[in-house]
Amino acid sequence: MSHQEVLQFDLELAHLKLVVDNFLSEREFVKVLEAGCGSLSHINLKDNYYLVGIDISEKQLDRNSKLKDKILGDIQNYNFSNDSFDMIACFWVLEHVEQPELALKNFAKAIKKGGIIIIAVPNVMSLKGLITKYTPHWFHVWFYRYIFNVRFAGIDDNAPFRTFLRFSISPESIKKIANENNLSVEFFTIYEDFRQEILRKKLHLENGIWKTLQWLFKKLTFGKFELGLTEYFIVLKKKQI
């Protein structure tokens with residue numbers, strides 16, 4: 001992929017990192033939970049951290065060499081100790097669990113006061129989100145292999161994984177769950193997935209045509225759904241009181 005194709009994602013990720021760096025600058029040591037960590041850590045920290053990972057896949061945990069502690073378990077029901085982490089990161093995981101609201105409440109229990117929860121998740125309130133939600137897993141595997149050219153897609157615990165993409169992880173729903181669990185929204189940004197950008201450019205859906213399609217889709221869905229804004233980052237902070 002070209003630099004231009006990932007530019008928006010890079011910018012949004014850079015904004016997220018600024019928020020995280022600002023949080024970390026105030027702490028000499030941080031204990032971090034990477035929830036649903038898989039085999040790739042999205043956390044790039046200095047030497048003042050202790051990284052714990054939890055995943056339901058033993059193979060994925062074995063592939064992750066950055067973890068200090070590894071937990072084979074389910075983020076929806078694992079019994080974390082109260083106030084045990086300074087930061088929890090959950091990147092593109094909540095769409096793969098049946099009851100993501102339970103995972104969010106579990107995070108709220110496990111995070112310390114003043115700690116942050118970083119979430120990256122697809123926007124179910126987008127056309128891409130709806131297609132992903134209502135198509136079968138075999139179609140996702142086929143799409144990864146033959147459209148995105150991911151050779152080992154769906155093999156040996158590699159993505160794509162089974163997807164539920166519940167409406168309880170829509171932006172508004174997560175904000176509501178946060179408010180109910182003593183969490184404030186510190187950062188929020190929504191953007192277009194680079195894979196969708198690549199696909200629509202192949203189909204010559206750009207500039208004025210794309211803007212018209214976005215406007216039309218939003219009008220036809222009474223403003224509830226988006227065509228272009230397919231992913232988002234949100235940072236939640238545990239209130240001190």
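Predicted model: local features only at pLDDT ≥ 70, side-chain atom pairs only at ≥ 80, totals over all residues.
Visitor: Why is Asp86 called buried?
Guide: Buried means under 20% relative accessible area, exposed over 50%, and partly exposed in between, with a 1.4 Å probe and protein chains only. Asp86 has 11% relative accessibility, so Asp86 counts as buried.

Visitor: What makes Lys112 a salt-bridge partner of Asp86?
Guide: A salt bridge needs a side-chain nitrogen of Lys or Arg within 4 Å of a carboxyl oxygen of Asp or Glu. For Lys112 and Asp86 the N to O distance is 3.5 Å. The pair therefore qualifies. Lys112 lies in strand 5 and Asp86 in strand 4, so the bridge ties together parts 26 residues apart in sequence. Lys112 itself is partly exposed, at 29%.

Visitor: How do you know where a strand or helix begins and ends?
Guide: Helices (H or I, at least four residues) and strands (E, at least two) are DSSP runs, numbered from the N terminus.

Visitor: How many salt bridges does the structure hold?
Guide: There are 12. One of them joins Lys59 and Asp156, with the closest N and O atoms 2.9 Å apart. Lys59 is in helix 2 (residues 58-63) and Asp156 in the loop between helix 5 (137-146) and helix 6, so this bridge ties together parts that are 97 residues apart in sequence. Lys59 is partly exposed at 41%. Asp156 is partly exposed too, at 40%.

Visitor: How do you know that Lys128 and Asp193 form a salt bridge?
Guide: Their N to O distance is 3.9 Å. Lys128 lies in helix 4 (residues 127-134) and Asp193 in the loop between strand 6 (183-191) and helix 7 (194-202), so the pair ties together parts 65 residues apart in sequence. Asp193 is buried at 7%, whereas Lys128 is partly exposed at 24%.

Visitor: Which residues do salt bridges with shared partners join into one network?
Guide: Lys59, Arg63 and Asp156.

Visitor: What makes a group of residues a nonpolar core?
Guide: The members are buried Ala, Val, Leu, Ile, Met, Phe, Trp, Tyr and Cys residues, joined through side-chain atoms within 4.5 Å. The largest such core here has 32 residues, and Ile75, Ile88, Leu94 and Phe107 touch the most other members. Elements that each supply at least two residues include strand 1 (30-35), strand 4 (85-91) and helix 3 (100-110). Helix 3 gives the most, with five. A second, separate core of 24 residues includes Leu24, Val32, Phe187 and Val235.

Visitor: What does Ile75 contact outside its sequence neighbourhood?
Guide: Contact means heavy atoms within 4.5 Å. Beyond four places in sequence, the partners of Ile75 include Ile54, Leu94, Asn106 and Phe107.

Visitor: Why is Asn106 called buried?
Guide: Asn106 has a relative accessible area of 9%, so it falls under the cut-off. Asn106 is found in helix 3. Other buried residues of helix 3 include Ala103, Leu104 and Phe107.

Visitor: Why is the pair Phe80 and Phe85 called edge-to-face?
Guide: Rings of Phe, Tyr and Trp (its six-membered ring) pair if their centres lie within 6.5 Å; planes under 30 degrees apart count as stacked, over 60 as edge-to-face and the rest as tilted. Phe80 and Phe85 are 6.1 Å apart, centre to centre, with 85 degrees between the planes. The pair is therefore edge-to-face. Both Phe80 and Phe85 are buried. The structure holds 17 aromatic pairs.

Visitor: How do you know that Arg195 sits over the ring of Phe148?
Guide: A charge sits over a ring if NZ of Lys or CZ of Arg is within 6 Å of the ring centre and within 35 degrees of the ring normal. The charged end of Arg195 is 5.6 Å from the centre of the Phe148 ring. Lys133 likewise lies over the face of Tyr134, at 5.5 Å.

Key. Residues numbered from 1 in each chain as written. Heavy atoms only, no water.
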